[in-house]
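This briefing concerns the structure shown below. Please keep the sequence and the model at hand while reading the points that follow.

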Amino acid sequence: MIHNRRLATANIGVAVVAFGIATFMALMQALSRASLDLPWRSAKMYYLSVTGHGVLMAIVFTTFFIMGLGIAFTTRALERPLKWPRVAWAGFWIAAVGTAMVAWAILWGKATVLYTFYPPLQAHSAFYIGATLLVVGSWVWGAVIIASYFAWKKDNPGTPVPLAVHGILTTIIVWYLATVGVASEMLFQLIPWSLGLKETVDPLLARMLFWFFGHPLVYFWLIPAYVVWYSVVPREAGGKLFSDPLARMVFALFIILSTPVGFHHQFMDPGISAGWKLAHTVTTFAILFPSFVTAFTVTASLEVAGRMRGARGLFDWIAKLPWNNPMVAAVLLSMILFAVGGFGGAINAAYGMNAVVHNTAWIQGHFHLTVGSAVALTFMGVAYWLVPKLVGRDLELGLLAKWQPYLWFVGMLLFSISNHITGIMGMPRRVYETSYGGSLAATQWEGLTLISAAGGVLLFVSASFFLLSMLGTVLAGPKAEQPTLEFAEPLEGEPTKLVVFDRIWAWVVVAVILVAIAYAYPLADHLAMETFGSPGYKPF
Amino acid sequence: MHVHLYERIWMWGAGAIIVVFLGAIAFATVSQGRLPPSHVETVDPRNVWSDARFAQRGVTTNPDGSVEVTMLAMMFAFQPNEIRVPANTPVTFRIASADVVHGFQIVGTNGNTMVIPGYVSQFTMTFDEPGEYLITCNEYCGLGHHNMGATLIVEGGV
């Protein structure tokens with residue numbers, strides 16, 4: 001059974017509320033970029049909303065959802081409650097208080113610095129301190145899961161850890177490595193600077209520390225989605241996991257490759273040599289490999305499911321999958337969107353081609369396919385399946401839940417394709433108005449911004465369906481005994497022997513060495529150079 | 001640990017795709033010199049207006065015929081906000097920020113760089129097609145961000 005249900009529910013509850021608020025902001029932004037006037041539309045509201053949407057979706061929704069999912073999966077798979085439940089609750093409250101501080105700063109207009117918060121734009125110190133507390137809370141969550149794993153390991157020496165827990169541990173390790181960067185930026189630069197203890201900060205150093213965190217952050221979002229794809233979806237679709245050891249290999253590769261890649265977000269930055277940017281390009285492309293392997297294993301598992309449901313031909317297994325099960329449909333559609341997003345990502349990471357798309361609408365088109373679909377749509381699917389188990393009620397408004405993933409899919413295609421195209425045409429991302437005083441170049445992307453807005457409206461309707469179904473389930477769903485959380489069985493049976501990929505801590509050592517190679521020299525080089533700091537600015 | 005034949009084939013294929021991608025990047029880098037703007041030079045953002053390198057802004061032509069454009073980015077404008085450069089001539093842009101982080105993108109071309117206070121952004125490119133180009137700031141810099149732009153006019157000489 002799932003233990004610590006209340007804690008898991010509380011985490012997912014915060015995530016869904018954050019998602020709900022951010023959804024309204026998204027609608028306004030999509031309409032604003034198409035220059036469609038709404039009564040409350042203003043530049044101040046738009047940039048405030050972009051900040052709120054980014055922070056609430058990318059940081060709050062994801063982190064709390066992952067914490068809830070991690071607790072449910074770990075306690076179910078290890079068949080024991082969390083080792084330190086009180087510490088885990090303390091972690092939740094630290095993160096919740098941090099989130100409240102960040103939300104206050106943003107909604108009161110004191111932190112319109114976008115979710116990347118590049119200095120010398122300067123937010124209220126509550127924004128930086130709150131964000132740090134959110135991260136500290138997540139560290140506590142990770143420590144409790146690791147302690148629970150060690151307690152299990154002591155009782156089960158020589159047994160491979162269940163795959164779902166292997167994936168959650170990978171998520172935590174990637175998160176710990178990643179947050180070293182942002183924690184340094186917060187503690188040594190932004191917090192003392194926003195409190196007036198420090199007059200200036202070096203904006204480039206801040207960007208290096210931010211992107212040290214910013215790219216592994218995407219794997220912190222993605223790995224839990226992969227855990228669901230590997231360890232839950234094959235069973236829900238009616239089949240088995242095609243390969244257990246390759247899934248473990250994928251997790252090991254994510255541990256070592258997630259972090260030494262951050263400069264691919266800084267290709268266009270001055271002050272970083274082209275050689276180091278190229279080095280990070282190589283590691284960035286290497287990290288495509290585990291995702292390619294995942295594509296194979298997950299597709300093969302789905303084929304197994306289709307055949308177990310009676311498919312005979314080459315492709316009819318696709319039609320045999322339970323497309324009317326909202327959980328499975330959400331995941332399948334999220335995978336299709338992710339395949340498109342993955343290839344777009346390879347273009348972003350391509351050293352030379354990046355100049356065409358950097359900071360254009362292409363980027364928002366890209367990450368709404370990845371974090372906005374592969375991750376968010378998968379999490380919505382997970383919620384349809386997990387929340388009833390957590391609260392002991394039947395899913396309410398199931399018809400809305402059935403339609404929701406398809407609406408998301410269509411809305412996202414409209415939104416994302418139009419933004420990819422306007423991006424290549426040179427339209428910047430994150431601008432309130434895209435007309436540039438009627439410039440000829442700007443008139444060419446007008447029709448496409450309307451398509452993007454139409455996609456945004458569909459996404460809003462889809463998100464509303466999700467929220468209504470969740471709200472209905474928690475408040476009005478009929479109380480009923482729910483089937484317990486079950487994980488997919490590997491085709492070749494549960495592993496009994498440890499393989500090299502189970503040596504998690506050895507992979508952590510490799511990861512630390514790689515990160516040191518990728519970052520120690522350029523950071524030391526940077527710190528040795530004479531640089532000039534910047535005072536803070538609040539142009540919002 | 002058992003790995004299926006199809007998995008092996010797939011993994012070799014995936015590896016090959018990655019090698020091809022990296023090969024294409026290496027080719028563009030080595031043979032065509034396509035590097036992202038990675039100039040390393042610092043400048044004090046609080047004195048940038050009087051700094052000798054940025055006190056005179058605008059377009060200058062070097063003795064060898066190459067052209068240099070010196071600009072400052074600030075909330076919410078580029079200075080100067082209209083530049084004229086010749087076609088088919090290497091143009092080196094040198095840009096610094098007087099306040100926060102900005103972006104500099106020549107719409108419809110590969111011209112794109114971040115402008116970070118304290119650092120000098122520099123890149124060189126040649127324009128084949130005469131005409132009027134829109135320059136945008138593509139990094140959020142405050143409530144007037146969407147108004148921050150400039151015009152680049154590439155003149156004659158086809």
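A residue counts as buried if 20 or more other C-beta atoms, placed from the backbone, lie within 10 Å of its own, as exposed if 12 or fewer do, and as partly exposed in between. The model is predicted: local features need pLDDT of at least 70, side-chain atom pairs count only at pLDDT 80 or more, and totals for chains, interfaces and linings use all residues. Residues are numbered from 1 along each chain as its sequence is written, and chains are lettered from A and ligands numbered from 1 in the order in which they are written.

**Backbone features**

- A:Leu114 has a positive phi of about 60° although it is not a glycine.
- This residue, A:Leu114, is found in the loop between α3 and α4 of chain A, and it is buried because 20 other C-beta atoms lie within 10 Å.
- Helices (H or I, at least four residues) and strands (E, at least two) are DSSP runs, numbered from the N terminus.
- A:Tyr436, also not a glycine, has a positive phi of about 45°; A:Tyr436 lies in the loop between α15 (398-424) and α16 of chain A.
- With 22 C-beta neighbours inside 10 Å, A:Tyr436 is classed as buried.
- The peptide bond from A:Pro119 to A:Pro120 is cis, with omega near 10°, and A:Pro120 is placed in the loop between α3 and α4 (125-155) of chain A.
- In chain B, the bond from B:Met75 to B:Phe76 is cis, with omega near -5°; B:Phe76 lies in the loop between β2 (67-74) and β3 (77-79).
- Most residues other than glycine have a negative phi, and most peptide bonds are trans.

**Helix packing within chain A**

- Helix α5 (residues 163-194) and helix α6 (residues 203-231) of chain A pack at an angle of about 165°, with their axes 8 Å apart; axes are lines fitted to C-alpha atoms, for helices over the stretch in contact, and angles run from 0 to 180 degrees between N-to-C directions.
- The angle therefore makes α5(A) roughly antiparallel to α6(A) (under 35 degrees counts as roughly parallel, over 145 as roughly antiparallel, 65 to 115 as roughly perpendicular and the rest as oblique).
- The contact of α5(A) with α6(A) has 22 nonpolar, eight polar and one charged residue; Ala, Val, Leu, Ile, Met, Phe, Trp, Tyr, Cys and Pro count as nonpolar, Asp, Glu, Lys and Arg as charged, and the others, Gly among them, as polar.

**Contact between the chains**

- The contact takes 62 residues from chain A and 54 residues from chain B, where two residues are in contact if their C-beta atoms, placed from the backbone, lie within 7 Å.
- On the side of chain A that touches chain B, α9(A) gives the most, with seven residues.
- That side of chain A has 41 nonpolar, 13 polar and eight charged residues.
- α9(A) and helix α1 (residues 5-32) of chain B pack at an angle of about 160°, with their axes 9 Å apart, which means that α9(A) is roughly antiparallel to α1(B).
- Among the residues that meet are A:Leu278 and A:Phe285 in α9(A), and B:Phe21 and B:Ile25 in α1(B).
- The contact of α9(A) with α1(B) has eight nonpolar, two polar and no charged residues.
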